[in-house]
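Please keep the sequence and the structure at hand while reading.

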Amino acid sequence: MPLHERIIPYLETADLYHLDRLISQWLWVNEPLLSAFVERWRPETHTFHMPFGECAITLQDVAYQLGLPIDGFHERFWDLPADTSEETVRIHARAYIMMLLLSQLFADKNANRVHLRWLPYLALMDDLGRYSWGSAALAWLYRCLCHGTNRNVVNVAGPLQLLQSWIFWRFFSLRPCGFDVFEFPLASRYGLLFCVDNMFNLFLWDPYSAPDVAAIVHPDILVEEHRRLWMAAMSLIYFVAIEWHQVDRVVPQFGGVQHLPQLALNIDWLHAKDGRGGDRWFSSYYQE
């Protein structure tokens, strides 16, 4: 969907403008590569188990890679003619935001169908900027990876561009050719050819500390209140999907020394909740 300049203010209000920059650049995913990482995903810890230890996609990665807000409640189908009314522009903006959310962040296996639960949010466009899009997207990615570890599952949904970009930034030997030019958000850095060596060598624990990264990152990403959330072990919620942000198991990704982590959470019962059925919606199950 082409982006008209009159829609941009609505994307900025919804804190989704950075995400739009990936639409024209992200053209493909490497399915064998992603499958290899799904096989190393542990649902009970939400980490990849590697020969050198554990690593994970965290809220910090979501902030850097996609440029999404990770804290909540902080205070075009065609060309638009010049005389288009503002209400018509809002209709186009709603459609564009729906496309962004359902193709970039919350993709599932429903092909061209959209869940009705999204309509109330798009009706109140002025409130879209109050939501923690980053934590919801990470919760959905966790849920999709956990589901993908089931041997009967053949396809993986979710924000796969986030997973693939995380792999490229963390695993030096898996980076594509032409990885020397990038901009913010960091997931815009990619190439079309692989230069694969040893798959799990040269893991970069802190790729975001490089001066050239700091020079382009949007200042909103580095606000101290956001940085504190990156290291918080807490629940991530995307409608009925409730997943745990177990960053106490990957402390080196934040420049620290790994201590003995807490025991893995038993979240099998949470994975069994899918929101289907009359009284199974999360408002009744998780109110306490």
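Thr 84 touches Arg 6 and Val 89, leaving out residues up to four places away in sequence; contact means heavy atoms within 4.5 Å. This is a predicted model, in which local features need pLDDT of at least 70, side-chain atom pairs count only at pLDDT 80 or more, and totals for chains, interfaces and linings use all residues. Residues are numbered from 1 along each chain as its sequence is written, and side-chain values use heavy atoms, without hydrogens and water.

**Thr 84**
- Thr 84 sits in the loop between α4 (59–66) and α5 (86–105); helices (H or I, at least four residues) and strands (E, at least two) are DSSP runs, numbered from the N terminus.
- With a relative accessible area of 13%, Thr 84 is buried (under 20%; exposed is over 50%, partly exposed in between; 1.4 Å probe, protein chains only).

**Strands**
- Strands β1 (residues 41–42) and β2 (residues 47–50) pair in the antiparallel sense over two bridges; pairing requires that DSSP finds at least two bridges between two strands.
- Trp 41 has Phe 48 in β2 as its bridge partner, and Phe 48 has Cys 55 in β3.
- β2 and β3 (residues 53–55) run antiparallel, joined by three bridges.

**Nonpolar core**
- Phe 48 and Phe 106 touch the most other members of the largest nonpolar core, which has 79 residues; such a core is a set of buried Ala, Val, Leu, Ile, Met, Phe, Trp, Tyr and Cys residues joined through side-chain atoms within 4.5 Å.
- α7 gives the most to this core, with eleven residues.
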